[in-house]
Amino acid sequence: MELVIKKDALNKLKTELYVVCLYKGEGLPAELAGLDQYFDVARVLKAGDFCGKTSERFMLYPNDSKAGIQRLLLLGLGDRERFALKTVTTAFGGLSIWLKNQHYKAVAIEMPELDEQGPEAVSVAVTMARSLRTGNWEFEHYRSKPKTSSLKTIVVRAGEKPAKELVAALKRGDTIGRGVNVARDLGTHPGNTATPEYLAKTALSFASGKTSKIKVKVMGEAQLKKMGAGGILAVGQGSAQESKLIALEYRCGKRNARKLAVIGKGITFDSGGISLKPGAKMEDMKYDMCGAAAVLGVFSVINEIQPDVDVFGVIPAAENLPDGTSYKPGDIIELLCGKKVEIINTDAEGRLLLCDALTYAERTYKPDAMMDFATLTGAVLIALGHVMSAVVGNDPGMVEAVVEAGASSGDTCWPLPMSEEYRDMIKSRIADICNSTNDRQAGTITAGAFLNEAVSEETPWAHVDIAGTAWVPKKSGYVTGATGVGVHMVYDLLENFAANFAE
């Protein structure tokens with residue numbers, strides 16, 4: 001499906017379907033009043049057949065066969081005073097899902113009418129385009145007869161003379177949406193497809209082509225052993241799949257550019273290891289690499305967006321399986337940072353390989369800031385459900401920047417504290433730290449405190465626990481399954497990184 005921006009005058013618009021947005025209790029915007037001549041919208045509104053509730057849809061047909069618009073679809077945006085970016089996501093994401101199941105080949109959509117009290121037009125345009133793109137997503141890789149959609153083109157009309165900023169925002173949102181869909185694809189592939197090697201090949205594909213600014217380095221187990229990455233090696237030693245550390249670099253080419261490192265947990269399947277998980281819903285553990293999927297989603301479109309920030313992606317990838325060679329509760333391992341860890345629970349594996357990745361990123365790139373995405377703890381589901389991610393970190397400014405990027409992108413998150421008392425909870429009696437407290441208390445925070453052991457005080461860092469938001473088992477808004485969480489957040493963070501973080 002192609003998304004294009006058109007500048008046609010309304011009386012010259014020709015389309016199978018034209019979508020117009022209306023707020024609850026309001027009529028057509030003044031510049032679209034001419035539609036009443038063919039569709040009698042005022043009569044429909046007066047009769048109460050369409051109220052304008054969020055995502056409400058009502059189809060109208062022209063009273064004149066000469067009309068260039070064959071059908072008019074009214075799309076509700078709810079109360080104007082409560083209009084927000086979440087409204088845009090829900091309304092246009094749901095519309096896109098509906099459209100791909102219809103027979104139309106091309107449709108036109110009018111940008112919502114905005115006022116000064118609501119979200120900025122640029123933010124609405126980005127969110128609208130992203131939602132249209134992600135709503136169009138289908139995962140048909142394993143069906144013998146894949147479903148096909150007749151929809152080939154969505155035209156977005158933003159008045160007869162849309163501002164350049166609005167056109168750029170629509171293109172940016174569409175590009176980000178494609179990155180989100182890459183992450184959703186990766187997260188949805190089963191563990192026998194999306195292995196550590198598969199993630200590595202995916203990363204390498206982004207560096208192909210003469211115009212790509214991406215460089216990729218893949219390190220196997222021999223290199224990891226030489227390096228001293230004991231966390232990654234321990235987690236993957238029970239699997240026949242070779243563990244990998246995947247490093248991606250994008251350099252913007254500007255002198256003194258800010259540098260951000262983004263790390264993503266890449267457990268391509270998590271059985272829990274020797275501390276075996278219950279069998280029920282274990283198939284969902286293919287989603288344990290959604291942090292890695294977010295990083296790859298970011299890099300899949302970074303050549304097109306070209307942020308003015310140097311970006312480094314690091315993915316520790318492994319399978320966590322039980323075997324005669326698996327690491328065991330009671331083992332002592334040494335992380336890349338030099339800390340010795342007592343293994344209490346082999347199902348607390350993500351923090352082990354993430355620590356090695358954080359140390360590698362900090363030592364190799366010396367970034368101005370780091371952040372990681374990880375499906376790290378079930379405890380975050382108890383705290384925040386499938387609604388928000390949790391964020392902890394060693395720097396209040398960095399945490400605040402991540403929360404703000406989450407709010408503007410729709411990848412919302414909530415900050416949690418990380419004081420010395422929580423760090424004390426992960427101390428071991430026979431080693432430096434232990435990888436689990438075996439306690440239901442503060443599980444998300446203590447996992448963050450464990451990661452903090454691998455980060456120096458000089459580097460601002462934030463950890464985003466996406467265990468509740470990387471995938472949703474039931475329909476949430478307009479999404480089910482893998483969500484691609486984190487991709488849009490990173491791009492909003494990059495856009496504001498230099499100004500916001502410098503302060």
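Modeller: I call a residue buried when its relative accessible area is under 20%, exposed when it is over 50%, and partly exposed in between, using a 1.4 Å probe and protein chains only. The model is predicted, so local features need a pLDDT of at least 70 and side-chain atom pairs count only at pLDDT 80 or more, while totals for chains, interfaces and linings use all residues. Numbering starts from 1 along each chain as its sequence is written, and side-chain values use heavy atoms, with hydrogens and water left out.

Now to the rings. Rings of Phe, Tyr and Trp (its six-membered ring) pair if their centres lie within 6.5 Å; planes under 30 degrees apart are stacked, over 60 edge-to-face, and the rest tilted. That rule gives 7 aromatic pairs. One of them joins tyrosine 23 to phenylalanine 83, edge-to-face, with 5.6 Å between the centres and 85° between the planes. The two partners are 60 residues apart, so this pair links distant parts of the chain: tyrosine 23 sits in the loop between β2 (18–22) and α1 (36–39), and phenylalanine 83 in the loop between β4 (72–76) and α3. Helices (H or I, at least four residues) and strands (E, at least two) are DSSP runs, numbered from the N terminus. Tyrosine 23 and phenylalanine 83 are both buried. Another pair, tryptophan 137 with phenylalanine 139, is tilted because its centres are 6.2 Å apart and its planes meet at 40°. Tryptophan 137 is buried at a relative accessible area of 14%, and phenylalanine 139 is buried too, at 16%.

Let's go back to α3, which covers residues 85–100. Its 16 residues reach 22 Å from the first C-alpha to the last, close to the 22 Å expected; the expected span is 1.5 Å times one less than the number of residues. Because 12 of those 16 residues are buried, α3 is largely enclosed by the rest of the structure. The buried ones include Phe92, Leu95 and Leu99. Helix α9 (residues 290–300) is likewise largely enclosed, since 10 of its 11 residues are buried. Among them are Cys290, Val295 and Phe299.

Aspartate 40, in the loop between α1 and α2 (41–47), has a positive phi of about 50° although it is not a glycine. Aspartate 40 is partly exposed, at a relative accessible area of 33%. Alanine 442, in the loop between β17 (433–434) and α15, likewise is not a glycine but has a positive phi, of about 55°. Alanine 442 is partly exposed as well, at 27%.
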